[in-house]
Amino acid sequence: MPLARPVVLGNWKMNGLRADGLALAGRLEARAAHLSGTVGIFPPATLLAAVAQRLSRSRILVGGQDCHTAESGAFTGSVSAAMLADAGARAVIVGHSERRQGLGETDEQVHAKATQALLAGLTVVLCIGETEAEYLAGERNEVLARQLAGSLPDGATPETLVVAYEPVWAIGTGRTPSLEEIEETHAGLRRHLAGRLAGGDEVALLYGGSVKPDNAADIMAIKDVDGALVGGASLDADSFWSIYAAGGGT
Ligand code: PEP
């Protein structure tokens with residue numbers, strides 16, 4: 001079954017020690033007794049097992065922020081998709097711009113990571129997005145098509161794939177594209193997914209980049225926006241939950 005809408009996912013990035021992470025997970029669990037949509041959180045790798053254990057009786061999905069391209073081996077400091085699953089993860093983010101831009105990850109590597117994730121039984125949250133220079137040069141659609149073509153894993157389904165459109169220039173900046181631009185972009189992504197995958201028209205398409213309680217309702221009301229990937233605002237339970245509620249989630 002495709003993921004229930006809205007799909008609102010929180011990427012905690014490199015934030016939180018054990019006490020903070022468990023307290024935040026506990027505050028979310030208290031609100032999540034009957035979820036009409038899908039709520040997921042992506043703690044740092046060090047907290048994954050503890051948070052997954054803390055939420056083991058909750059419907060909140062817990063995921064990893066990245067995985068390696070290989071199944072196992074001599075890769076000091078890295079974490080495989082199977083290790084994430086073993087720690088209690090049900091999903092993993094791949095292709096986040098802080099890794100594509102910050103660490104030079106290629107579409108080929110993102111594709112390999114997504115493939116490992118599917119093999120490990122994880123849902124893939126595939127991030128794509130243009131830089132500000134690409135946006136200003138009018139290259140957004142071309143960049144997104146190239147990233148999707150190069151990194152979308154084969155065999156993904158609406159149950160195992162979420163695609164997040166995250167303009168790099170909107171992440172953590174307080175800036176977002178206009179509602180019309182998001183609508184146009186998501187319509188193009190929907191067409192691409194429908195042409196590429198069986199069930200592509202049911203894959204959850206999220207917008208990410210400076211989603212806050214005060215803009216979430218307008219963004220998630222856009223056609224083909226099935227939810228949001230939230231960074232900064234996911235570190236506060238009230239803000240994160242207001243975003244979920246703004247998307248119609250109860
Ligand atoms: C992100 O990093 O995926 C993100 C959307 O961050 P923020 O919400 O802080 O812009």
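Start at the second largest pocket, whose lining holds seven nonpolar, three polar and three charged residues. Here Ala, Val, Leu, Ile, Met, Phe, Trp, Tyr, Cys and Pro count as nonpolar, Asp, Glu, Lys and Arg as charged, and the others, Gly among them, as polar. You are looking at a predicted model, in which local features need pLDDT of at least 70 and side-chain atom pairs count only at pLDDT 80 or more, while totals for chains, interfaces and linings use all residues. Residues are numbered from 1 along each chain as its sequence is written, and side-chain values use heavy atoms, with hydrogens and water left out.

Select L3, A4, T38, L61 and R90: of the 13 lining residues, these lie nearest the centre of the second largest pocket. The space inside comes to about 230 Å³. A pocket, on a 1 Å grid over the protein atoms alone, is an open set of points where a 1.4 Å probe fits, with protein on both sides within 12 Å along at least five of seven lines; lining residues have an atom within 4 Å of a point. Its volume is the space filled by probe spheres set on the points, which are joined across faces, edges and corners.

Next, go to the largest pocket, with about 520 Å³ of space. Select P44, A45, Q65, D66 and R99, the closest to its centre among 24 lining residues. Then colour α2 (45-54) and α4 (97-103), the elements that give two or more residues to this lining. Helices (H or I, at least four residues) and strands (E, at least two) are DSSP runs, numbered from the N terminus. By class, the lining of the largest pocket has 10 nonpolar, nine polar and five charged residues.

How many disulfides does the structure hold? It holds zero, a disulfide being a pair of cysteine sulfur atoms within 2.5 Å. The sulfur of C67 has its closest cysteine sulfur in C127, 12 Å away, which is too far for a bond. C67 is buried at 2% relative accessibility, and C127 is buried at 1%; buried means under 20% relative accessible area (1.4 Å probe, protein chains only).

Last stop: the aromatic pairs, three in count. Rings of Phe, Tyr and Trp (its six-membered ring) pair if their centres lie within 6.5 Å; planes under 30 degrees apart count as stacked, over 60 as edge-to-face and the rest as tilted. Select Y165 and Y207, with ring centres 6.2 Å apart and planes at 65°, so the pair is edge-to-face. Y165 sits in strand β6 (residues 161-165) and Y207 in strand β7 (residues 204-208), so the pair ties together parts 42 residues apart in sequence. Both Y165 and Y207 are buried.

How values were computed. Buried < 20%, exposed > 50% of the residue type's maximum accessible area, 1.4 Å probe, protein only.
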